[in-house]
Amino acid sequence: DYAVASGAQIINLSIGGSTPDNAAFEAALQRAVNAGLVVTASAGNDTSANPEWPARYSSDPRYMGAVMAVGASAQDGSMASFSGLAGVAANGFLVAPGENIVTDCTSSGCWVVSGTSFSSPIVAGALALLLDAFPMLSGRDAVDILYRTATDNGAPGVDRLLAPVVRAADCLVGVHRPGVIAELPGPRHGMERPHQPAGAHV
């Protein structure tokens, strides 16, 4: 509710558990989705056949198209060995880099971490880039574009060990592929960003 009241467009949930969340959480998630927000959630790090909760809500008809389950890719683009798999959430599942991620550095060295908790914010960031570059898009439009433009490393679609990988640059370039915008629901009155005067901050 705080995110909705604060005007957020995207919520990242780098959390997970083995059971569905309580009714209060589900009601809050429904209010967020009804308000037009989209949610990315980490799939978990236990190599389970299905994403953990709340990521598994991406397969729930109440939230489909607005909640994304996010697994982790390894440095070579394959599914990270620890990542939760798509399973029942295959239609709402993507992966993003989640192995050996540098998160912070000090004079004595850098923190290097792995986990889907670091993959999910990358997808949230890609959504934010899309919504900033193309403000006429809805959150669900941006989610749909990520699914359409993610890099598929195996057979088309999601399979047990591979899933399309989100790369921020790809989604911004891919939005201009023939049909990507035209096939989205609702009117689209041009995809060009409004002209910004010299020195303007975007």
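Two strands pair if DSSP finds at least two bridges between them. Strands (E, at least two residues) and helices (H or I, at least four) are DSSP runs, numbered from the N terminus. Keep both rules in mind for the tour.

**Before you start**

This is a predicted model: local features need pLDDT of at least 70, side-chain atom pairs count only at pLDDT 80 or more, and totals for chains, interfaces and linings use all residues. Residues are numbered from 1 along each chain as its sequence is written, and side-chain values use heavy atoms, with hydrogens and water left out.

**Stop 1: the whole chain**

Show the protein chain as a cartoon. It holds 5 helices and 6 strands. Trace it from the N terminus: the elements run α-β-α-β-β-β-β-β-α-α-α. Now colour by burial. Buried means under 20% relative accessible area, exposed means over 50%, and partly exposed lies in between (1.4 Å probe, protein chains only). Of the 202 residues, 39% count as buried. Next, think about contacts, meaning heavy atoms within 4.5 Å. Among contacts between residues at least 6 apart in sequence, 68% join residues at least 24 apart.

**Stop 2**

For angles, axes are lines fitted to C-alpha atoms (for helices, over the stretch in contact), and values run from 0 to 180 degrees between N-to-C directions.

Walk across the sheet, pair by pair:

- Strand 1 and strand 2 (residues 38–42) pair in the parallel sense over 4 bridges. Find N12, which stands opposite T40 in strand 2.
- Strand 2 and strand 3 run parallel, joined by 4 bridges. Here V39 stands opposite V67 in strand 3.
- Strand 3 and strand 4 run parallel too, with 5 bridges. Look for G71 opposite V95 in strand 4.

**Stop 2: strand 3**

Zoom in on strand 3. How many of its residues are buried? The count is 7 of 7. In a regular strand the side chains alternate between the two faces of the sheet. Check the directions here. V67, A69, G71 and S73 point one way. M68, V70 and A72 point the other way. All of them are buried.

**Stop 3: helix 3 and helix 4**

Select helix 3 (residues 116–133) and helix 4. Two packed helices are described by the angle between their axes and the distance between the axes. These axes come within 9 Å and cross at roughly 120°. The crossing is right-handed.

Show the side chains at the contact. Helix 3 brings V123, A126, L127, L130 and L131. Helix 4 brings G139, A142, V143, I145 and L146. By class, that makes 9 nonpolar, 1 polar and no charged residues. Ala, Val, Leu, Ile, Met, Phe, Trp, Tyr, Cys and Pro count as nonpolar, Asp, Glu, Lys and Arg as charged, and the others, Gly among them, as polar.

Stay in helix 4 and pick T149. Is T149 buried or exposed? T149 is buried, with a relative accessible area of 2%. Its side chain reaches the backbone oxygen of I145 at 2.7 Å.

**Stop 4: A43**

Move to the loop between strand 2 and strand 3, and select A43. A43 is buried, at 0% relative accessibility. Leave out residues up to four places away in sequence, and A43 touches P51, E52, A55, V70, G71, G84, F93 and T116. Now draw a line to G115. A43 and G115 are 72 residues apart in sequence and 9.3 Å apart in space, C-alpha to C-alpha.

**Stop 6**

Select A49, in the loop between strand 2 and strand 3. A49 is exposed, at 52%. G87 is partly exposed, at 41% relative accessibility. Which residues does G87 contact, leaving aside its neighbours within four places in sequence? They are A49 and N50. The C-alpha atoms of G87 and N50 are separated by 4.4 Å, although the two are 37 residues apart along the chain.

Notes:
A crossing is left-handed if the near helix is turned anticlockwise from the far one by less than a right angle, and right-handed if clockwise. A polar contact is a pair of N or O atoms within 3.5 Å; within protein, one must be able to donate a hydrogen and the other to accept it, and residues adjacent in sequence count only if both atoms are side-chain atoms.
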